[in-house]
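This briefing goes through the charged pairs and the nonpolar packing of the structure shown below, grouped by topic.

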Amino acid sequence: MTKTKGLPRPLTHYAWLSIATAIATIGLKGVAWKMTGSVGLLSDAIESVVNLAGALMALWMLTLAALPADENAYGHGKAEYFSSAFEGFLILLAAASIAYTAVERMLTPQPLEEIGLGLLVSTVASILNFVTARILLRAGRQHNSITLEADAHHLLTDVWTSVGVIFGVGLVYLTGWFWVDPIVALLVAANIVWTGYQLMSRSAAGLMDVSLPTEELKKIESLLAGYREQGLDFHALRTRQAGGRAFMTMHILVPGRWTVQYGHDWAERIENDIRTALPFIHITTHVEPLEDPASMNDQTLDISDH
């Protein structure tokens, strides 16, 4: 038997928010760079261009992931992993671009201009990114969307990039040490490489059908333990994550003397309990008699196989 709960409302409006924020911050940071000539602020503006590309990709993938199941019986949720991997790649690309520009500036130092006004404009852009990132992160966790979480982490990375750049440019202003500007840019590039690597690793795991997180598997095991105390058993449990959807299959072992209807009712109860704990999960169960020799031998519960 197979049932699933309805998905939350479409998440594309969060992607549109991210797109609008990226366009606004590109303009603000571009102005800040033009005012100051800072390679750090230029690197910050480059990362915002990457944010825009990532947000556009996220919009496409969220639209695709929201399509109902058709000939693809399990829906299109895995599309989200392509977006996350793409955004991770863009972050690495941005890091390489920033590092190249920083090294070039180290070899040919240049004085900065209009630093105070440039930093003010960059700070406004950073605040805008931070607010948007918090909104996306909350929505991504609430709806179990790796795309929104990836976009949020990317924006937060941009915020920390901006903080480092603002600090570095401010230090140049106070000390006259022009070499600080490209050094800060290099440090920022190294930091965002780690974020890009994490996003790409998580996407690869999702595309390879990794099981649900340990915390969620423990919730399932806790529910099943209560039913075991009532004389039932379970085996052949498998789980996998596909974007905002999760899938689970399981054999339910009931006394052979039970009628089909009675076994079905218990299976419904178990499924509903699991679905209450994990609303995004799609469950497929198969009822077997406890006395079946094959059931006794195939105790392949994979709760701990994460």
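Glu271 and Arg275 stand 4 residues apart in helix 8, so about one helical turn separates them. In this predicted model, the side chains of Glu271 and Arg275 meet in a salt bridge with an N to O distance of 3.3 Å.

**Salt bridges**

- Glu271 is buried, with a relative accessible area of 1%, and Arg275 likewise counts as buried, at 5% relative accessibility.
- Salt bridges with shared partners join Glu221, Arg228 and Asp233 into one network, in which Arg228 pairs with Glu221 at 3.2 Å and with Asp233 at 3.3 Å, N to O.

**Nonpolar cores**

- The largest nonpolar core has 22 residues, of which Ile220, Met250, Ile270, Ile274 and Ile281 touch the most other members.
- At least two residues of this core come from each of helix 7 (214-228), strand 2 (233-242), strand 3 (245-254), helix 8 (260-277) and strand 4 (281-289), and strand 3 gives the largest share, 5 residues.
- Beyond its neighbours within four places in sequence, Ile274 is in contact with Ile220, Leu223, Leu224, Met248, Met250, Ile281 and Ile283.
- Apart from this core lies another, of 17 residues, including Leu11, Ala22, Ala55 and Leu137.

**A buried serine**

- Ser122, which lies in helix 4 (residues 115-143), is buried at a relative accessible area of 1%.
- Not counting residues up to four places away in sequence, Ser122 touches Ala32, Leu41, Asp44 and Ile166.

Conventions. Residues numbered from 1 in each chain as written. Predicted model: local features only at pLDDT ≥ 70, side-chain atom pairs only at ≥ 80, totals over all residues. Heavy atoms only, no water. Core = buried A, V, L, I, M, F, W, Y, C linked by side-chain atoms within 4.5 Å. Buried < 20%, exposed > 50% of the residue type's maximum accessible area, 1.4 Å probe, protein only. Contact = heavy atoms within 4.5 Å. Salt bridge = Lys/Arg side-chain N within 4 Å of Asp/Glu carboxyl O.
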